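Reader: Hi! Could you walk me through this one?
Author: Happy to, let's have a look together.

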Amino acid sequence: MAFDGVTIANIVSELRKELIGGRLYKIAQPEEDELLLTIRQPGGQKRLLISAEASLPLLYLTESNKPSPMTAPNFCMLLRKHLQNGRITEISQPGLERIVHIGIEHLDEMGDLRRKTLIVEIMGKHSNIIFCSEDNIIIDSIKRVSAAVSSVREVLPGKPYFIAQTQKKQNALDTDYESFHAILNAKPQPVFKAVYGSFTGISPVLAQELCYESGVDGDRPAAALTGADMEKLYQAFSRMVTAIREEQFTPNIAYTNGNPKEFCALPLTMYGYGRPASQSSAAQAGDATVTYDSMSLLLEHYYAEKNTLTRIRQKSSDLRRIVQTALERDIRKYDLQLHQMQDTEKRDLYRVYGELLNTYGYHAEPGAKSLEALNYYTNETITIPLDPTLTATENAKKYFEKYGKLKRTYEALTELTREVKKEIDHLESIQAALDIALYEEDLAQIKEELAESGYIRRKSSAKKQKITSRPFHYISSDGFHMYVGKNNYQNDELTFKFAAGNDWWFHAKQMPGSHVIVKSGNAEELPDRTFEEAARLAAYYSKGREQEKVEIDYVQKKHVKKPNGSKPGFVVYYTNFSMAIDSNISALRLAED
């Protein structure tokens, strides 16, 4: 998640093409640390979103609008006073710093032409939007920084603006081989850390990409690089600099297991092959990169996707807590029951003791503490402990009573542990469904299942929510339709209402996961590749997706049965095939339903 200097260079390149010559039509401040500028161009309106939020600073073009507060904040009013209808004349980036200068011409109250600069600093918690006069004096900023807050630089009206040089880094655009070699040769730290720690604008992920492209181990000490390795690394570095200078950017998002992990303005080849954004989605990206036509589109999609996953995590937190609490309670109960089961293991021995005492008890001497007798079940001699205060018959009765008690306990515990294990399996399957939920409608079905199972109390006045969630629908490389249930209700629906008898059914062996159905159509036999792709889907949408290999059971649907009274999603089957396979679904594509 690197909003580095190279990403800023890509953004600046786009803004120059889209905004130079445009007029500021609207200036809004939707959030405390955010501006939304509407720029009017001959070809239509453009919107520029600028956020100085500490946790998520952003700068990109967007087509989305955001509602503004009824009363504009002071900083917004100031910008409107000075810049309304102003013309954007220049957009620049000093070096590869995470800073953008937007030069604007406007007419003052006297009708004279003035020039102002809006400076956007994308620097994490130090991010800011600063409004400066033509002589570089700060007029105001969206965040005021006093000497009490920063001893390095004050950002206050009337103070001169300058870039705080808190880190001594070399400008990557002005670095030749001799400088590159000298700087890295003096660094004892790993190569990728030395690269991003020595040159402006380079993030850790881009530094790792440079090492990957050059075939250099990024974890090796930089000072230990051979001359050949240093040359290869500089060649990759030089190609990066050339691409930046010539504005040859390739905005792309790297996915790991279908989740957006990193983005960059240059290709991240270390994450696998790329595909256009129009042909991909999060659910099918797997381990790969997805390329975009512009960095603004990438950022809007990336953060929208990140925000969607974060929002779903937040919205599902209550459900997760309910499931986790119930699961922990049942696991404690199950462990206690198994421990109690161990205490009943001597029940059959006590029965044998009683029977042998009834048979050989007349050999026992009065007051004896034990009796040796032949066990006619095993044909071995065993020693039977006796209570010396009781007769052999009374000892036998005592052992039969112990046997009866332990037998009743065992039978009761056997049924209880079976029921509790079913509850644990059911809760773990709900937990797996929560992990793959992407939208609020996916959560609605899970919530309904929890209510039906008694884990959530449904309000008497609450209307039953309309379910709009649908299974994932993939197309195999050979053109077969594959469906993946997102939760237990969908699993039952797919397997017992949607699938035909000759369709194929896939599921991760002995672990929570989705049912995968492959529609066989009129085909007498599915291609091996389709079997493998369906198995990968079953592995990916299971609890074992992080494992190197997952064992998958598969069988024709007609051999899958649902026991009466069983939990949603629970099935049985007695004849099946199995395969061990990875969970990489990057080559699969979602159908456009």
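Reader: How many residues does helix α10 have, and how far does α10 reach from its first C-alpha to its last?
Author: Helix α10 (residues 347–360) has 14 residues and reaches 20 Å, close to the 20 Å expected at 1.5 Å a residue. The expected span is 1.5 Å times one less than the number of residues. Helices (H or I, at least four residues) and strands (E, at least two) are DSSP runs, numbered from the N terminus.

Reader: Thanks! And which residues in α10 are buried?
Author: Arg347, Tyr350, Val352, Tyr353, Gly354, Leu356 and Leu357. Buried means under 20% relative accessible area, exposed over 50%, and partly exposed in between (1.4 Å probe, protein chains only).

Reader: What covers the buried residues of α10?
Author: The cover includes β14 (370–375), β15 (380–385) and α11 (392–436). A contact here is heavy atoms within 4.5 Å.

Reader: Before going on, what kind of model is this?
Author: This is a predicted model: local features need pLDDT of at least 70, side-chain atom pairs count only at pLDDT 80 or more, and totals for chains, interfaces and linings use all residues. Residues are numbered from 1 along each chain as its sequence is written, and side-chain values use heavy atoms, with hydrogens and water left out.

Reader: What is the mean pLDDT of the chain?
Author: The mean is 88, and 93% of the residues reach 70 or more; pLDDT is the predictor's confidence in each residue, from 0 to 100. Over residues 279–285 the pLDDT is below 50, though this stretch has 25 contacts in the model beyond near neighbours in sequence. Where pLDDT is low, the predicted coordinates should not be read in detail.

Reader: New topic: how many residues are in the largest nonpolar core?
Author: That core has 84 residues, and Leu48, Leu233 and Phe237 have the most contacts inside it. Helix α6 (residues 227–245) gives the most to this core, with nine residues. A nonpolar core is a set of buried Ala, Val, Leu, Ile, Met, Phe, Trp, Tyr and Cys residues joined through side-chain atoms within 4.5 Å.

Reader: What is Phe237 in contact with?
Author: Leaving aside neighbours within four places in sequence, Phe237 contacts Ala172, Thr175, Phe180, Phe199, Ile202 and Leu210.

Reader: Last one: is Ser316 buried or exposed?
Author: Ser316 counts as buried, because its relative accessibility is 0%. Ser316 sits in the loop between α8 (295–315) and α9 (317–342), and touches Leu434 and Leu443, not counting residues up to four places away in sequence.
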